[in-house]
Amino acid sequence: MSKTALITGITGQDGAYLSRFLLSKGYEVYGLLARRSTPTTWRLQHLGVLDKVHLIDGDLTDIASIVRALLACKPDEVYNLGAQSFVATSWAQPILTANATGLGALNILEAIRQVRPEAKFYQASTSEMFGKIQEPVQSERTPFYPRSPYGVAKLFAHWSTINYRESFGLFGCSGILFNHESPLRGIEFVTRKVTDAVARIKLGAPSRDGDGVQKDLHLGNIDAKRDWGFAGDYVEAMWAMLQQPEPDTYVVATGRTTTVRDMCRIAFEHVGLDYEKYVVVDPKFYRPAEVDILLGNPAKAKEKLGWEAKTTLEQLITMMVDADLERVKREIA
Ligand code: NDP
Ligand code: GDP
């Protein structure tokens, strides 16, 4: 008999890739759809899965809607990917971030405990919980030191997952995923901001700001280092965690870290341009507190889940630039 999954954040980057992956495994896929004034299903459409998933209206901050969704679809597995996920916005909207990203996870755990305790649960935790890093390479045993309201909210959700595992025996897994990107990444994140700008500069297209043809690219701290992987690879690790005999916590990363500067170099070089001629450092994009460097140790995921990142940073960034070149060409055609 096929399994049923409920995904919160199904309209986000990971929600779309996870939907496609679970459908390929024969799952019946349901998603919690938060009400917005304009449609949010473009990623599901892009991957060709919109008409194959079932969408249930609901919001992470409304436990009644979560209970209703659980009763409606009776999932075997629940993936909590929904969140206010952009670090910079979490300083502007800290309470909303705490509600959606932190308390939202507790709402789901509590709803599962009450009406669907047999469901396995995945929490989308993050390397941002390591923040001001306490060890040069971060593993499941590295102490946390979050540096943003987002990181703090995610840490609450992470410990809530472990607490419900230990207190009530829920099958709750926490995946500490390092940054992962794709052509479906939100435009405000640095990789996608760069690949979109590269496409616009190369094609002589208008900037997104509406101030004429894009000539340069304003960024914040380009010395920050991240361990970037491909979202399509990372959703497979989420699923693998829920197939293990016992619930656990796993770091999911590539084990390589790169500066924003070098990521820019890769993106611009792919279209034959020199990033130094276009990138402008603009303090406007500095953050109140920065996470300078993240580098994950994915050894446990490899050993227990048989999971490894398949896509290199070069493959990832060139894939994203190519996708943005196609998008911008269509836009200006
Ligand atoms: P996105 O920002 O692309 O997607 C977030 C999703 O959450 C969207 O579907 C959004 O809906 C939904 N959402 C936001 N608020 C609510 C709410 N109140 N109720 C219901 N749904 C809501 O994130 P990603 O796909 O990149 O990431 C998936 C998860 O993994 C997130 O929790 C993120 O914090 C976490 N994570 C991501 C990493 C990454 O590098 N991508 C790294 C580590 C963790 P809508 O479309 O309507 O806005
Ligand atoms: P994060 O790791 O979840 O915060 O992912 P982001 O893609 O938003 O940021 C990654 C790193 O790039 C952070 O250290 C940012 O400070 C840095 N960065 C530098 N310039 C920018 C910028 O213009 N936008 C964003 N989003 N990040 C930037």
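Ser160 is buried, at a relative accessible area of 8%, where buried means under 20%, exposed over 50% and partly exposed in between (1.4 Å probe, protein chains only). This is a predicted model, so local features need pLDDT of at least 70 and side-chain atom pairs count only at pLDDT 80 or more, while totals for chains, interfaces and linings use all residues. Residues are numbered from 1 along each chain as its sequence is written, chains are lettered from A and ligands numbered from 1 in the order in which they are written, and side-chain values use heavy atoms, with hydrogens and water left out.

Back to Ser160: the residue sits in helix α6 (residues 149–168), helices being DSSP runs of H or I with at least four residues and strands runs of E with at least two, numbered from the N terminus. A polar atom of the Ser160 side chain lies 2.7 Å from the backbone oxygen of Phe156. That pair is a polar contact (N or O atoms within 3.5 Å; within protein, one must be able to donate a hydrogen and the other to accept it, and residues adjacent in sequence count only if both atoms are side-chain atoms). Neighbours within four places in sequence aside, Ser160 is in contact with Leu106 and Leu109, contact meaning heavy atoms within 4.5 Å.

Next, the overall layout. The chain splits into domain 1 (4–181 + 229–252) and domain 2 (190–225 + 257–294 + 311–332), with bounds from an automatic or database domain assignment. Taken over C-alpha atoms, the domain 1 and domain 2 centres are 28 Å apart; the contact takes 18 residues from domain 1 and 13 residues from domain 2.

The largest nonpolar core has 65 residues, and Leu22, Tyr79, Tyr122, Met241 and Phe268 have the most contacts inside it. Such a core is a set of buried Ala, Val, Leu, Ile, Met, Phe, Trp, Tyr and Cys residues joined through side-chain atoms within 4.5 Å. Helix α8 (residues 231–242) gives the most to this core, eight residues, and at least three residues come from each of domain 1 and domain 2. Met241, again leaving out neighbours within four places in sequence, is in contact with residues including Tyr122, Phe171, Tyr250 and Leu305. A second, separate core of 18 residues includes Leu6, Ile56, Ala111 and Ile112.

Strand β4 (residues 77–80) is buried throughout: Glu77 and Tyr79 point one way, Val78 and Asn80 the other. Strand β4 runs parallel to β1 (residues 4–8), with four bridges, and parallel to β5 (residues 120–126), also with four bridges; strands pair if DSSP finds at least two bridges between them. Thr8 stands opposite Asn80, and Glu77 opposite Lys120. In the loop between α3 (63–73) and β4 lies Lys74, whose phi is near 45°, a positive value in a residue other than glycine. Most residues other than glycine have a negative phi.

As for the ligands, 25 residues surround ligand 1, the closest being Thr11, Asp14, Ser85, Tyr150 and Lys154; a residue is near if one of its heavy atoms lies within 4 Å. Ligand 2 is surrounded by 18 residues, with Lys193, Gly220, Arg226, Arg287 and Glu290 the closest. A polar side-chain atom of Glu290 lies 2.6 Å from an oxygen atom of ligand 2.
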